[in-house]
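Please report on how the two chains of this model are built and how they meet. Keep it short.

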Amino acid sequence: MEFEVVIGLEIHAELKTRGKLFTWTANEFGGEPNTRIDVITLGMPGVLPVLNRKAVDYTLAAGLAMNCKINRYSRFDRKHYFYPDLPKGYQISQKDYPLCYDGWIEFDVNGEVRRCRINRIHLEEDAGKSIHAEGRDDVTWVDFNRCGVPLIEIVSEPDLRSPEEAIAYWRAVKEILEYLDVSDCNMEEGSFRCDANISLRPRGSQEFGIRTELKNMNSFRFVQQALEYEVKRQAEILRSGGQVVQETRLFDVERGVTRGMRGKEEASDYRYFPEPDLVPIEIDEEWIERIRRSLPELPRAKRLRFMEQYGLPEQDVIVLTGTRALADYYEAVAQSCGDPKAAANWVMGDLIGFLREAGRSIEDSPVGPEALAEMIRMIQDGTISGRIAKEVLEQMVATGKSATQIVEEKGLRQISDVTQIEAWIDQVIAENPAQVEQYRSGKTKVLGYFVGQVMRLSRGKANPQQVNALLRKKLDQQ
Amino acid sequence: MSTELPLYHRPAHELSAALRRGEIGTVELARAVFERIRAVDEKLHTYLTVTETIGMETAAEVDRLLNRGEPLPPLAGIPIGIKDVICTRGIRTTCASKILEPFVSPYDATVMRKLHLQRIVLTGKLNMDEFAMGSSNENSAFGPCRNPWDTDRVPGGSSGGSAAAVAAGTAIAALGSDTGGSIRQPAAFCGVVGMKPTYGRVSRFGLVAFASSLDQIGPLTKDVTDCALILNAICGHDRYDSTSADVPVPDFTEFLIPEVRGLRIGIPQEYFIEGIHPEVETAVRRAIEQLSEMGAQIEEISLPHTEYAVATYYIIAPAEASSNLARYDGVRYGYRTPNAEDLIEMYRKTRGEGFGPEVKRRIMIGTYALSSGYYDAYYLKAQKVRTLIKQDFDRAFEAVDVILTPVTPTPAFRLGELVDDPLQMYLSDIFTIPANLAGLPGISLPCGQTREGLPIGMQLLGKPFDEGTILRVAYAFEQANPYHRLRPAL
């Protein structure tokens with residue numbers, strides 16, 4: 001039997017608001033345990049939550065960017081369960097009236113456009129972290145630093161049809177949130193994680209099969225492995241006439257297998273009810289418009305525009321739009337130097353390479369877009385050669401100085417003086433009679449050798465086009 | 001007449017004036033109250049924690065300021081006790097529960113910050129029913145408080161300690177909290193004035209939550225003037241409480257005029273039910289007549305959904321309570337069982353050993369009401385009925401300015417009388433619960449005594465944020481009657 005894979009993702013992203021969702025304490029990753037806390041975070045008796053409206057702004061931005069409808073009346077609900085890292089015994093979340101619902105995003109899988117519908121995006125508070133002491137089973141510590149950090153949950157419809165597609169969708173969501181600058185999406189720090197629901201059904205069937213849920217994954221690779229494993233596992237069960245058990249499973253990274261969660265799958269009753277300590281959120285047209293106006297160009301739109309406007313190949317555009325900062329940088333360089341292709345090559349190739357070696361990112365590049373554009377213009381007007389430019393750029397990254405400064409200081413200005421170049425050529429021809437012989441007997445490939453020798457004599461400063469032309473002339477005429 | 005009373009029996013506004021005139025000293029006043037506590041509180045048990053050192057320090061400070069002739073707020077130097085459900089920084093806040101017995105709050109409730117700005121003399125933390133659940137103060141984990149008028153009787157609840165303290169002079173005034181009548185009912189039982197302000201009028205930040213959508217802090221005082229003074233100090237929007245209302249706060253003392261002519265007073269027929277104690281009914285009806293004679297216009301009105309109020313309340317309040325009390329898990333503060341092998345056992349034993357029987361009963365009711373499959377039938381339905389009850393009042397207030405009712409069906413009952421009959425106990429809040437469900441302000445003030453000498457109270461309910469008008473009617477009635485000057489013989 002042929003099976004069709006059906007996957008839906010619940011993506012959790014922490015929002016990078018300055019304060020927590022319901023209190024003023026700083027929302028920052030890390031720190032000594034229990035240093036980013038206050039009486040509200042700890043759920044002390046008598047405390048009340050106060051909504052951080054910036055978190056609502058961010059959620060609306062995510063919703064609008066993902067083509068969601070916005071609930072004009074939204075509210076928070078309490079979700080109850082007991083766990084040491086949940087101080088109040090309930091999580092403030094959203095059940096019946098999420099901020100955003102009924103959206104979709106498009107993304108590319110192997111050059112094809114796919115669309116995944118989004119069921120809802122709601123806002124909630126993150127929990128703390130339980131720390132189980134190594135080698136001791138009599139004690140558990142709790143760190144509440146993360147507790148109360150705003151978190152959005154983006155719930156997709158079961159529209160994804162392969163692990164690969166699920167990953168592509170997940171990446172697309174991450175990219176959008178990064179472009180919106182609402183989440184760090186730092187998977188290692190756990191600020192971007194996901195649960196996956198996966199089931200199989202006979203190809204052509206309209207009904208869904210029984211699904212399993214894979215919990216709390218925070219790496220693209222692991223999600224892909226886990227989903228692929230589940231596809232195989234469920235297919236084997238179904239082929240042998242068995243039934244998939246609806247359960248929550250965890251991915252064992254070491255062994256590359258998924259495992260049913262120990263013990264219980266007693267249906268938990270969260271006893272949701274409307275949070276009485278917060279008033280409902282009423283969202284008017286003006287609020288929505290304010291957020292809509294603040295939205296940046298989104299990754300897919302930017303890619304299409306870059307291809308169209310700058311005539312760049314898709315592969316280059318994917319690299320250049322990898323982050324909003326990089327795309328903005330590229331665009332500034334392209335517009336300033338007037339040569340989008342050259343700008344693309346310098347940004348993608350040498351600049352990124354040098355930055356990586358220097359342990360820096362585009363955001364804290366010592367070379368601003370205008371400085372790079374200036375350098376490219378110096379190539380265009382023949383002040384320096386492309387080869388010299390490479391060296392100049394390396395210096396720019398290392399010192400933060402401008403191209404002009406470096407060229408002047410090191411005397412790297414390109415030499416286009418015909419007399420000087422001819423002198424070098426004559427010297428090279430005189431010193432290499434054997435190669436001259438070869439050239440003249442038809443092995444014109446040795447031209448490159450001559451060019452190299454002339455460039456060496458000029459310490460790289462000779463204008464390569466001129467060297468080429470003059471060499472040819474000299475070698476051919478005799 | 002009241003000037004002949006001992007200091008601890010005199011109302012705050014008189015003491016405040018006497019302090020300013022230099023007739024008495026703040027330390028002298030504070031000492032009188034703390035001595036009164038020492039003299040009678042073994043019998044009454046109005047306090048769970050007495051803060052004499054802190055109180056005397058403030059008193060000395062206020063005396064220094066008075067001597068220097070500095071302008072001071074109206075409540076400066078007034079000995080005030082606080083129901084032990086309101087968080088006080090550095091002072092134990094137990095909610096009369098074993099589970100919070102060791103809890104010292106690291107922060108002050110908003111009302112405490114406001115009272116400290118007034119430089120009150122904090123006398124201590126007052127007894128109450130555990131987590132404000134109860135109508136008799138018998139649910140205190142640290143022993144019941146007794147009614148100063150008859151120590152075999154209950155002071156009411158849950159703010160029983162607050163009402164008894166003001167009546168007995170172990171405090172000049174007190175703060176309580178009212179979720180279903182917890183200020184007004186004990187005020188009636190103890191013959192003092194108690195007000196539950198409009199929901200949202202006073203910040204709940206720092207009030208340990210029982211039922212968040214119903215809880216409201218309010219004053220218990222020896223007379224209506226003191227009630228207005230304390231309201232002036234504690235009302236107002238608070239950015240730490242999203243449910244506190246951003247509406248202007250008037251000077252409530254401006255409503256203290258002995259004049260009710262032309263005011264329309266509604267008498268809801270549903271509040272004079274069968275089973276109401278005859279002496280209570282007589283006293284309240286006499287009060288109605290008196291107000292009529294004073295020129296108020298008396299209107300019969302109907303609040304048809306009144307009979308559903310208790311049932312509605314006993315879904316909503318326990319539902320919210322079951323959620324609000326989930327945080328007492330022994331992990332971060334308060335009591336933790338010393339003998340648990342694993343996490344689940346720690347939860348079970350901590351909560352099992354920490355909570356008293358009434359609290360457990362309500363957690364179970366509330367948990368049940370919120371369970372999937374029952375939510376719609378109970379909680380959601382109760383919310384709908386709550387809306388109907390609120391609409392009853394909206395309609396009634398189109399025709400009248402205030403509503404007058406009894407506070408309780410009976411005067412104070414005996415300790416132990418209703419302990420085994422929770423349903424009967426719940427019915428003692430039948431006249432006070434609707435105001436909580438509708439979010440309205442309500443005041444309870446003495447309007448008579450039984451032949452046995454037990455206080456009887458009447459209740460005035462007002463439109464949202466119209467505490468002023470009920471203060472005015474209460475003040476006019478009080479000025480025409482002697483009840484607020486009566487003191488229990490102890």
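A:D77 stands opposite A:S93 in β5(A). This is a predicted model: local features need pLDDT of at least 70, side-chain atom pairs count only at pLDDT 80 or more, and totals for chains, interfaces and linings use all residues. Residues are numbered from 1 along each chain as its sequence is written, chains are lettered from A and ligands numbered from 1 in the order in which they are written, and side-chain values use heavy atoms, with hydrogens and water left out.

β4(A) and β5(A) pair in the antiparallel sense over four bridges. Two strands pair if DSSP finds at least two bridges between them. Strands (E, at least two residues) and helices (H or I, at least four) are DSSP runs, numbered from the N terminus. Three strands form an open antiparallel sheet in chain A, in the order β5-β4-β15. β5 (90-93) and β15 of chain A stand at the edges with a single partner strand each, so one side of each has no neighbour in the sheet.

What lies across these strands? Helix α9 (residues 309-324) of chain B lies across β4, β5 and β15 of chain A. This helix runs at about 60° to β4(A). Angles run from 0 to 180 degrees between N-to-C directions, and axes are lines fitted to C-alpha atoms, for helices over the stretch in contact.

**Where the chains meet**

In total, 31 residues of chain A are in contact (heavy atoms within 4.5 Å) with 37 residues of chain B. The two chains bury about 2800 Å² between them, 62% of it on carbon and sulfur atoms. Buried area is the accessible area (1.4 Å probe) that two parts lose on being put together, summed over both. There is one salt bridge between chain A and chain B. B:R204 forms a salt bridge with A:D277, with the closest N and O atoms 3.0 Å apart. The term means a side-chain nitrogen of Lys or Arg within 4 Å of a carboxyl oxygen of Asp or Glu.

**The sheet of chain B**

Eleven strands form an open, mixed sheet in chain B, in the order β1-β3-β2-β4-β6-β5-β10-β11-β9-β7-β8. Neighbouring strands of this sheet are turned by 30° against each other on average, direction ignored. β2(B) and β3(B) run parallel, joined by five bridges. In this pair, B:I80 stands opposite B:L122.

| Helix | Strands touched or crossed | Angle |
|---|---|---|
| α7(B), residues 224-234 | β2, β4, β5, β6 and β10 of chain B | about 145° with β6(B) |
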